[in-house]
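Hi there,

Here is the structure I promised to pass on to you. Please open it beside this email, and then read on for what turned up.

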Amino acid sequence: MRFGDERESSNFEDVTGRSGGGFGLGGGGGNALGCLLPMVASRFGIGGVVVLVIGYFLLSSLGGLGGGGGGSLVPGTQQSAPAGKSTLDPNTAHFVRQVLASTEDTWSKLLGGKYQPTTLVAYSQGYPSGCGQAQSAMGPFYCPTDGKIYLDTEFFNELSQRFQAPGDFAQAYVIAHEVGHHVQDLEGTLEQAHNLQARGSEAEGNAVQVKVELQADCYAGVWAANAKDSQGRSVMEPGDFEEGLRAAEAIGDDTLQKQSQGVVVPDSFTHGTSAQRMEALQRGYKSGNPSVCKF
Ligand SMILES: [Zn+2]
């Protein structure tokens, strides 16, 4: 991607020096358990603790990633460490802020000035989000309760090494997907999805979730198609889009399930197959018009 000296977003919080806090277990009550606005609530136990999964993840939040209990947001006590020095790489911070600024400019145009920017919180290892304790193992996510994106930029390394999807556009796709959830939030789609999920079975709820995720992928493609620098030139370079497709392929539910458990259980899909994710990203990119990203 070619961002040159394009502006950085100011809707960015670096809490890496304050995060790293432990697992916020227990608690109960409090804000986190009270956040019943649009969210995916699926219950499952980790060590006897009932856990609410809240938020919209880039990856399948149930069993996608290794690591004990990875993929769960745990409502409970806030355990952030005392403020310290940022551990965020300045080049990464610069890139993330430029991508975020580009999504702001693009979506403001596409939504006719009605776009309200989201804030991206860069954390490290663990941090209390409005949806419970953010944990690196669950990958980036959007929390509808506080309207913020949570990202441990360590995920970019994972993307290039473990998922074999290197490249700056692969990283930008991650951010643009989460911004896509924010757009859905503004459009009322997340709330609509939550209401549908509340009425249906678990499998039906998962199917709704897949639609939410594929629309966010499609929106990421729409952003990329419209992302321009201040001279009006596209910021995309040859090969960029292929990086995004590789990332979308690597984080499809079928691919992740094959890797982690050897078998594929379509009813449990929450994000769509690799083929569906690639198709959604491509559809948005080819058209550049958000109307092709139907929920
Ligand atoms: Zn998502």
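Let's begin with a term: rings of Phe, Tyr and Trp (its six-membered ring) pair if their centres lie within 6.5 Å, and planes under 30 degrees apart count as stacked, over 60 as edge-to-face and the rest as tilted. Searching the whole structure gives 8 aromatic pairs. One of them joins Phe-155 and Phe-163, and is tilted because the planes stand at 50°, with the ring centres 6.3 Å apart. Phe-155 is buried at 4% relative accessibility, and Phe-163 is buried at 5%. (Buried means under 20% relative accessible area, exposed over 50%, and partly exposed in between, using a 1.4 Å probe and protein chains only.)

Another pair, Phe-241 with Tyr-285, is stacked, at 4.0 Å centre to centre and 10° between the planes. Phe-241 belongs to helix α7 (residues 240-250) and Tyr-285 to helix α9 (residues 274-287), so this pair ties together parts 44 residues apart in sequence. Helices here are DSSP runs of H or I with at least four residues, numbered from the N terminus. Phe-241 is buried, at 9%, while Tyr-285 is partly exposed, at 27%.

Finally, helix α6 (residues 202-226) has 18 of its 25 residues buried, so the rest of the structure largely encloses it.

A note on reading all this: the model is predicted, so local features need pLDDT of at least 70 and side-chain atom pairs 80 or more, while totals for chains, interfaces and linings use all residues. Residues are numbered from 1 along each chain as its sequence is written, and side-chain values use heavy atoms, leaving out hydrogens and water.

Happy exploring!

Definitions and conventions:
Helices (H or I, at least four residues) and strands (E, at least two) are DSSP runs, numbered from the N terminus.
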